[in-house]
Amino acid sequence: MTTTATRPAQPAPRPRAAIAARTLRNDRWWLAPLLTVLGLTAWVAYATVRVFMQRWFFSEGPGYHYLTPFYSPCLVSGDIPKGCGPAAEFGTFLPHMWFIPFAALTLPFLLLFRLTCYYYRRAYYKSFWASPPACAVPDGHKRYSGETRFPLIFQNAHRYFFYAAVIISVVNTYDAIVAFHGTSGFGFGLGNVVLLVNVVMLWAYTISCHSCRHITGGRLKHFSKHPLRYRFWVFVSKLNGRHMLLAWITLGTLALTDFYVMAVSAGWFSDLRFVG
Ligand code: FES
């Protein structure tokens with residue numbers, strides 16, 4: 001004999017409380033999005049000016065060889081300031097035009113890597129797009145289509161930009177190493193420390209990427225059969241918990257490194273030398 005289970009009658013859902021206020025939050029929830037707008041706008045403005053300035057990007061002395069990361073790898077033929085001069089380490093196949101950055105091969109990938117980063121997406125959706133600006137604060141837009149449609153569906157390409165970022169981090173590492181060698185040989189100065197700190201932070205940010213975490217530990221059924229990958233995944237996961245912090249730190253170290261090289265190159269101050 002078959003029986004048909006009858007569900008107990010559910011009470012009708014209660015209508016939402018009629019609250020006229022846009023939000024009941026009375027703390028300074030707007031501060032974080034505001035600071036994000038200010039911070040990102042200032043950084044993008046500085047980076048844009050520097051990338052198209054096409055001067056003060058390289059400085060060489062008896063014991064140093066400093067190239068700013070905004071011009072690495074430098075690919076324009078000719079002597080400084082119209083070309084890369086001795087800063088060209090990876091060939092010179094780009095023409096000199098005012099609208100072509102000297103590192104035009106890598107900058108678009110770096111931009112896309114950051115633009116599609118999970119943290120930056122969260123940051124600019126909340127701050128620039130008010131979608132939503134904070135928890136328990138209504139969205140600034142009536143409709144929401146998420147990242148499943150054009151154009152935001154391209155955010156899914158982030159994992160591919162991660163591979164490009166790894167290659168560019170290798171190039172930045174190379175720059176930090178050759179920076180110890182100037183026209184007369186080995187040297188060591190404050191600029192080397194600045195470049196080294198920057199490159200370590202760049203690696204930390206790149207490896208803490210959510211895509212990297214998936215690449216190292218994803219699609220595995222048993223961690224016990226992959227002890228090395230497990231260890232690396234644990235390491236990446238720890239860094240991943242600080243991804244937001246690393247995202248901001250690297251904006252700071254990039255700008256600081258660029259400014260230091262610019263200042264030494266322009267002669268605003270001399271590099272502090274420890275050796276050579
Ligand atoms: S999630 Fe931020 S760099 Fe990949």
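What is the handedness of the disulfide formed by Cys74 and Cys84, and which torsion about the S-S bond makes it so? The torsion is about -85°, so the disulfide is left-handed. This is a predicted model, in which local features need pLDDT of at least 70 and side-chain atom pairs count only at pLDDT 80 or more, while totals for chains, interfaces and linings use all residues. Residues are numbered from 1 along each chain as its sequence is written, and side-chain values use heavy atoms, with hydrogens and water left out.

**Disulfide and other cysteines**

- A search of the whole structure finds 1 disulfide, where the term stands for a pair of cysteine sulfur atoms within 2.5 Å; in Cys74 and Cys84, which form a disulfide, the sulfur atoms are 2.1 Å apart.
- The pair links distant parts of the chain, with both Cys74 and Cys84 in the loop between β2 (64-67) and α2 (107-115), 10 residues apart; helices (H or I, at least four residues) and strands (E, at least two) are DSSP runs, numbered from the N terminus.
- Both Cys74 and Cys84 are buried, a class that means under 20% relative accessible area, whereas exposed means over 50% and partly exposed in between (1.4 Å probe, protein chains only).
- Cys135 is in no disulfide, and the nearest cysteine sulfur, that of Cys117, is 19 Å away.
- Cys135 is exposed at a relative accessible area of 58%, whereas Cys209 is buried at 1%.

**Aromatic pairs**

- The count comes to 24 aromatic pairs, under a rule by which rings of Phe, Tyr and Trp (its six-membered ring) pair if their centres lie within 6.5 Å, with planes under 30 degrees apart counted as stacked, over 60 as edge-to-face and the rest as tilted.
- Phe113 and Tyr205 have ring centres 5.8 Å apart and planes at 70°, so the pair is edge-to-face.
- Because Phe113 lies in helix α2 and Tyr205 in helix α5 (residues 190-207), the pair ties together parts that are 92 residues apart in sequence.
- Phe113 is buried, with a relative accessible area of 2%, and Tyr205 likewise counts as buried, at 1% relative accessibility.
- In the pair of Phe259 and Trp268 the ring centres are 6.1 Å apart and the planes stand at 45°, so the pair is tilted; Phe259 counts as partly exposed at 38% relative accessibility, and Trp268 is partly exposed with a relative accessible area of 45%.
- Phe113, Tyr119, Tyr120 and Tyr205 are linked by ring pairs into a cluster.

- Arg55 lies over the face of Trp56, at 4.2 Å from the ring centre.
- Thr250, found in helix α8 (residues 243-266), counts as buried at 0% relative accessibility.
- The side chain of Thr250 makes a polar contact with the side chain of Arg114 at 3.0 Å; such a contact is a pair of N or O atoms within 3.5 Å, where within protein one must be able to donate a hydrogen and the other to accept it, and residues adjacent in sequence count only if both atoms are side-chain atoms.
- A polar atom of the Thr250 side chain also lies 2.7 Å from the backbone oxygen of Leu246.
- Leaving aside its neighbours within four places in sequence, Thr250 is in contact (heavy atoms within 4.5 Å) with Arg114, Met201, Leu202 and Tyr205.

**Backbone geometry**

- Most residues other than glycine have a negative phi, and most peptide bonds are trans.
- The peptide bond from Ser72 to Pro73 is cis, with omega near -10°, and Pro73 has its place in the loop between β2 and α2.
- Ile80 and Pro81 are joined by a cis peptide bond with omega of about 10°, and Pro81 is found in the loop between β2 and α2.
- Gln54, in the loop between α1 (31-53) and β1 (58-61), has a positive phi near 60° and counts as buried at 8% relative accessibility.
- Ala136, in the loop between α3 (118-127) and α4 (158-178), has a positive phi near 65° and counts as exposed at 62% relative accessibility.

Methods. A charge sits over a ring if NZ of Lys or CZ of Arg is within 6 Å of the ring centre and within 35 degrees of the ring normal.
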